[in-house]
Amino acid sequence: MDNFVRVCSASDIPDPGKAVFEVGDHFVVVFHVGGNFYALEDCCTHDGGELSDGELDGLQIICPRHGARFDVRTGEALTMPATTDTPAYVVRIEDGDVFVSVKESQE
């Protein structure tokens, strides 16, 4: 499967919910929202806080340190103090397992 790494079973993450995994040399937070899975770098671009510690609000993750919001689908920084998007990764579900690409989805 190219550069995809199995991180868990789809049933391991409740809907809505999130979990963090090490994929290669990245920490990636995987979100399960509305039956879909998304993955972001587990790092707030404002000051490096772990997004996985934040509250999930619909399709947004709120950084627990200063309240910056990111779109879980794209990594887009939606509110200050973050002004830079966080990397988003491609997710595949195959045979009930969640796989994450280590390559950025924007490339």
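Reader: Among contacts between residues at least 6 apart in sequence, what share join residues at least 24 apart?
Author: That share is 38% in this chain. Contact means heavy atoms within 4.5 Å. Keep in mind that this is a predicted model: local features need pLDDT of at least 70, side-chain atom pairs count only at pLDDT 80 or more, and totals for chains, interfaces and linings use all residues. Residues are numbered from 1 along each chain as its sequence is written, and side-chain values use heavy atoms, with hydrogens and water left out.

Reader: How many helices and strands are there in the chain?
Author: Zero helices and nine strands. Both are DSSP runs, numbered from the N terminus: helices are H or I with at least four residues, strands are E with at least two.

Reader: What is the radius of gyration, and what does the globule rule give?
Author: The radius of gyration is 13 Å, close to the 13 Å that the rule gives for 107 residues, so the chain is as compact as a globular protein of that length. The radius is taken over C-alpha atoms, and the rule is 2.2 Å times the number of residues to the power 0.38. Along its principal axes, the C-alpha trace spans about 40 × 25 × 20 Å.

Reader: What percentage of the residues are buried?
Author: Buried residues make up 43% of the 107. Buried means under 20% relative accessible area, exposed over 50%, and partly exposed in between, with a 1.4 Å probe and protein chains only.

Reader: Take β4. Is it mostly covered or open?
Author: Mostly covered. Strand β4 spans residues 36-41, and five of its six residues are buried.

Reader: Which strands does β4 join?
Author: Six bridges join β4 to β3, residues 26-33, and the two run antiparallel. Two bridges join β4 to β8, residues 88-94, also antiparallel. Two strands pair if DSSP finds at least two bridges between them.

Reader: What stands opposite Ala39?
Author: Val30 stands opposite Ala39, and Ala39 also stands opposite Tyr89 in β8.

Reader: And the β3 and β4 hairpin, how many residues lie between the strands?
Author: Two residues. Gly34 takes a positive phi near 60° in that hairpin.

Reader: How many bridges hold β6 and β7?
Author: Three bridges, in the antiparallel sense; β6 covers residues 60-62. Gln60 stands opposite Asp71 in β7.

Reader: Now the loops. Where is Thr86?
Author: Thr86 lies in the loop between β7 and β8.

Reader: Why does Thr86 count as buried?
Author: Because its relative accessible area is 2%. Leaving aside neighbours within four places in sequence, Thr86 is in contact with residues including Leu40, Leu51 and Phe70. A polar atom of the Thr86 side chain also lies 3.0 Å from the backbone oxygen of Cys43.

Reader: What about Gly49, which residues does it touch?
Author: Gly49 touches Asp42, Cys43, Cys44 and Arg65, not counting residues up to four places away in sequence. It is found in the loop between β4 and β5. Gly49 counts as buried because its relative accessibility is 5%.

Reader: Which peptide bonds are cis?
Author: One joins Asp15 and Pro16, with omega about 0°. Another runs from Met80 to Pro81, with omega near 10°. Pro16 is in the loop between β1 and β2, and Pro81 is in the loop between β7 and β8.

Reader: Last one. What is the phi of Asp95?
Author: A positive phi of about 55°, although Asp95 is not a glycine. Asp95 lies in the loop between β8 and β9.

Reader: Is Asp95 buried or exposed?
Author: Exposed, with a relative accessible area of 76%.

Key
Polar contact = N/O pair within 3.5 Å; in protein donor to acceptor, adjacent residues only side chain to side chain.
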